[in-house]
Amino acid sequence: MPSTRRKIVAGNWKMNLDRAAAEALASAVAARQAEAGGVELVLCPPGVYLAAVGGALKLSGGRSPSGVAMGGQNMHDKVSGAFTGEVAPPMLVDLGCRYVILGHSERRTLFGETDAAVNVKTKAALAAGLTPIVCVGESLAEREEGRTQAVVSAQVNGSLAGLPPADLERVVVAYEPVWAIGTGKVATPAQAQEVHALIRGLLAAMASPDVAGRVRIQYGGSVKPDNAADLASQPDIDGALVGGASLKADDFLGIAAAFC
Ligand code: PGA
C-alpha cells in the first residue's frame with residue numbers, strides 16, 4: 001500500500017548567500033512552488049536572514065500564500081536567558097519558522113553536539129510548536145567498519161529518547177550519511193532505503209508501527225535533480241534535505257518535482 005505520508009523537501013542553505021540573494025531565491029521558489037506538485041517545501045536560510053526570507057515568502061503565523069514554509073538551521077534549547085550568540089525556539093516561531101534542523105552532522109562534528117544535546121533541543125522545539133528535522137548518519141569510516149546500523153541506531157534512540165508517541169510522529173528524521181554530504185557521492189537508492197527501513201523499525205520499537213508509519217524520513221547528501229527520482233522511488237524515503245542544490249531554484253524545484 002502506498003504511504004500517505006506527505007513528501008517533504010527542505011533546503012538547508014547553510015552559511016551561504018547574502019540578503020538580496022536570499023530574498024530572490026525565496027521569492028523564486030514561492031512563485032514556482034506549483035512545480036513541486038503536492039510536495040511540502042521548507043527553506044532554511046541563515047538565521048540573520050530569516051526575517052528577510054519570511055518577508056519574501058509573505059509569512060503570517062508561519063503560513064505563506066504559496067505554502068512554502070521556513071525553518072531554522074539550529075537553535076538553543078532554552079526559551080531565553082544569558083546565552084550570548086544563541087537563538088531561542090520562540091524567536092524562530094516569532095519570525096515565522098515552523099521547522100528547525102537539529103543535529104546536522106556539521107553541528108555534531110564541528111560544534112560538538114551530542115545525541116543528548118539534540119534530544120534536549122528536540123523536546124524544546126516540539127514544546128515551542130516547531131517541527132524538528134532531526135539529522136542522523138554515519139561517517140565513511142563507520143560505514144567501512146560495518147558500523148552503520150549501530151551508529152544510526154544509537155543516534156536515533158539517543159536523539160529521540162523519551163518522546164511520547166504523539167510527539168514522535170511530529171518529528172521529521174533526516175538520514176544523511178556524512179560521506180555523502182557536499183561530496184557529490186550520493187548513497188545508492190538501496191543503501192539509503194536500507195537505513196531508512198532501519199530507522200522506521202527503530203521508531204516502531206519506540207512507539208508503534210502505526211506511529212512509525214506516519215513519521216517522514218528524508219534522505220540527505222548530494223541530492224541533485226538527476227538522482228532524486230531514484231531515491232524517491234524507495235518506499236521509506238519521504239523527501240530530501242538538500243544542501244548545495246537548494247541554492248538554485250531550478251535544482252531545488254527539480255528535486256521536489258521528483259518526489260511528487
Ligand atoms: P548537500 O548537503 O546536499 O550539499 O550534500 C546536504 C546537507 O548537509 O543537508
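This is a predicted model: local features need pLDDT of at least 70, side-chain atom pairs count only at pLDDT 80 or more; totals for chains, interfaces and linings use all residues.
**The chain as a whole**

The chain holds 12 helices and eight strands. Its radius of gyration is 17 Å, close to the 18 Å that the globule rule gives for 260 residues, so the chain is as compact as a globular protein of that length. Taken along the principal axes, the box filled by the C-alpha atoms of the chain is roughly 45 × 45 × 35 Å.

**Around the ligand**

The ligand is surrounded by 13 residues, of which the closest are Lys 14, His 104, Glu 176, Gly 182 and Ser 222. By type, the residues of this shell divide into four nonpolar, seven polar and two charged.

| Residue | Part of the residue | Distance to a ligand oxygen atom |
|---|---|---|
| Lys 14 | N or O atom in the side chain | 2.7 Å |
| Gly 243 | backbone N or O atom | 2.8 Å |

On its own the ligand has 280 Å² of accessible area, and the protein covers 97% of that area.

**The largest pocket**

The largest pocket has a volume of about 630 Å³, and among the 23 residues that line this pocket, the closest to its centre are Pro 46, Gly 47, Gln 73, Asn 74 and Arg 107. Helix α4, which spans residues 105-110, gives the largest share of the lining of the largest pocket, with three residues. The lining of the largest pocket, taken by residue type, divides into 11 nonpolar, eight polar and four charged residues.

Key:
Residues are numbered from 1 along each chain as its sequence is written. Side-chain values use heavy atoms; hydrogens and water are left out. A residue is near a molecule or strand if one of its heavy atoms lies within 4 Å of it. A polar contact is a pair of N or O atoms within 3.5 Å; within protein, one must be able to donate a hydrogen and the other to accept it, and residues adjacent in sequence count only if both atoms are side-chain atoms. Accessible areas come from the Shrake-Rupley method with a 1.4 Å probe; for residues, only the protein chains shown count as cover. Ala, Val, Leu, Ile, Met, Phe, Trp, Tyr, Cys and Pro count as nonpolar, Asp, Glu, Lys and Arg as charged, and the others, Gly among them, as polar. On a 1 Å grid over the protein atoms alone, a cavity is a set of points where a 1.4 Å probe fits but cannot get out, and a pocket is an open set with protein on both sides within 12 Å along at least five of seven lines; lining residues have an atom within 4 Å of a point. Grid points are joined across faces, edges and corners, and a volume is the space filled by probe spheres set on the points. Helices (H or I, at least four residues) and strands (E, at least two) are DSSP runs, numbered from the N terminus. The radius of gyration is taken over C-alpha atoms; the globule rule is 2.2 Å times the number of residues to the power 0.38.
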